[in-house]
Amino acid sequence: MTDHKDNNAANGDSRAQGSDGANTPDDAAWQDFVAAHSDDLGSVERSRTARKFEKEAKRKEKEALLSVDDLTPDAFASGASRSGARTGARSGPRDFTGSSWLDVDDVMDQGSDFVPPNPSIGHVRASKLVLWSMVVVGVAALVGCVLIPTLSTLLGAVGGALTILGAAGLLVMHKGHTQTRADEFDDGARV
């Protein structure tokens with residue numbers, strides 16, 4: 001904790017010493033008080049409250065020495081002024097000419113050689129195309145069966161037959177996961 005000494009005397013405080021360098025009466029009275037109560041002051045100095053105070057003082061000392069209030073506005077928004085602005089005028093938020101987080105797509109694309117994938121469908125087998133068209137026409141016929149009650153018997157029978165035949169053909173032609181894998185580490189994901 002702090003020592004019981006007159007710190008003002010070392011700083012040359014005129015109140016601590018007279019003009020001839022002798023101690024003032026207030027200082028002598030304080031020295032008498034400290035001498036008379038040195039055992040009480042020692043126990044206070046070693047108390048738990050004093051240790052807590054010392055810890056808190058050290059913690060406050062370690063806190064950030066720089067505050068927002070210590071900085072000038074130029075530290076937050078400084079930049080070249082736009083044409084037409086006065087030379088001595090302070091710059092504002094609309095005078096910023098750099099890139100912001102709103103331009104992140106443009107900024108990220110500037111230094112990247114990434115090419116997005118453009119997969120091609122490739123060769124479509126005619127049998128699969130016919131089976132898919134049967135499923136689509138069959139479902140359309142079933143919907144038409146509900147909307148046109150006079151033709152519901154014909155559309156229902158044709159739509160049901162086409163949907164069942166097309167779906168069954170696609171199911172039979174489907175290669176499973178085990179037939180399409182290239183190796184044992186292939187999880188089947190395709191682009």
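Predicted model: local features only at pLDDT ≥ 70, side-chain atom pairs only at ≥ 80, totals over all residues.
Side chains of opposite charge can pair when their charged atoms come close. The count of salt bridges comes to one.

**Accessibility of selected residues**

Thr163 has its place in helix α7 (residues 152-173), and Val143 lies in helix α6.

| Residue | Relative accessibility | Class |
|---|---|---|
| Glu56 | 34% | partly exposed |
| Arg59 | 43% | partly exposed |
| Val143 | 45% | partly exposed |
| Thr163 | 19% | buried |

The cut-off for a buried residue is under 20% relative accessible area. Thr163 counts as buried because its relative accessibility is 19%.

**Helix α7 and its cover**

Helix α7 has 22 residues, which at 1.5 Å a residue should span 32 Å; the C-alpha atoms at its ends are 31 Å apart, so the two values agree. The buried residues of α7 are Gly159, Gly160, Thr163, Gly166, Gly169 and Leu170. Helix α6 (126-147) is included in what covers them.

Leaving aside residues up to four places away in sequence, Thr163 touches Met134, Val135, Gly138, Val139 and Leu142. For Val139 there is also a polar pair: a polar atom of the Thr163 side chain lies 3.3 Å from the backbone nitrogen of Val139.

**A nonpolar surface patch**

Val139 also takes part in a nonpolar surface patch of about 550 Å², together with Val143, Val146, Leu147, Ile148 and Leu151. Val143, one of these patch residues, counts as partly exposed at 45% relative accessibility.

**The chain as a whole**

The protein chain contains eight helices and zero strands. Its elements, read from the N terminus, run α-α-α-α-α-α-α-α. Of its 191 residues, 10% count as buried; Thr163 is one of the buried residues. The chain exposes about 16400 Å², and carbon and sulfur atoms supply 59% of that area. Among contacts between residues at least 6 apart in sequence, 43% join residues at least 24 apart.

Technical notes: Residues numbered from 1 in each chain as written. Heavy atoms only, no water. Helix = DSSP H or I, 4+ residues; strand = E, 2+ residues; numbered from the N terminus. Buried < 20%, exposed > 50% of the residue type's maximum accessible area, 1.4 Å probe, protein only. Polar contact = N/O pair within 3.5 Å; in protein donor to acceptor, adjacent residues only side chain to side chain. Contact = heavy atoms within 4.5 Å. Expected span 1.5 Å × (residues − 1). Patch = residues over 30% accessible without salt bridge, like charges linked within 9 Å, V, L, I, M, F, W, Y side chains within 5 Å. Areas by Shrake-Rupley, 256 points an atom, 1.4 Å probe, with all protein chains shown as cover. Salt bridge = Lys/Arg side-chain N within 4 Å of Asp/Glu carboxyl O.
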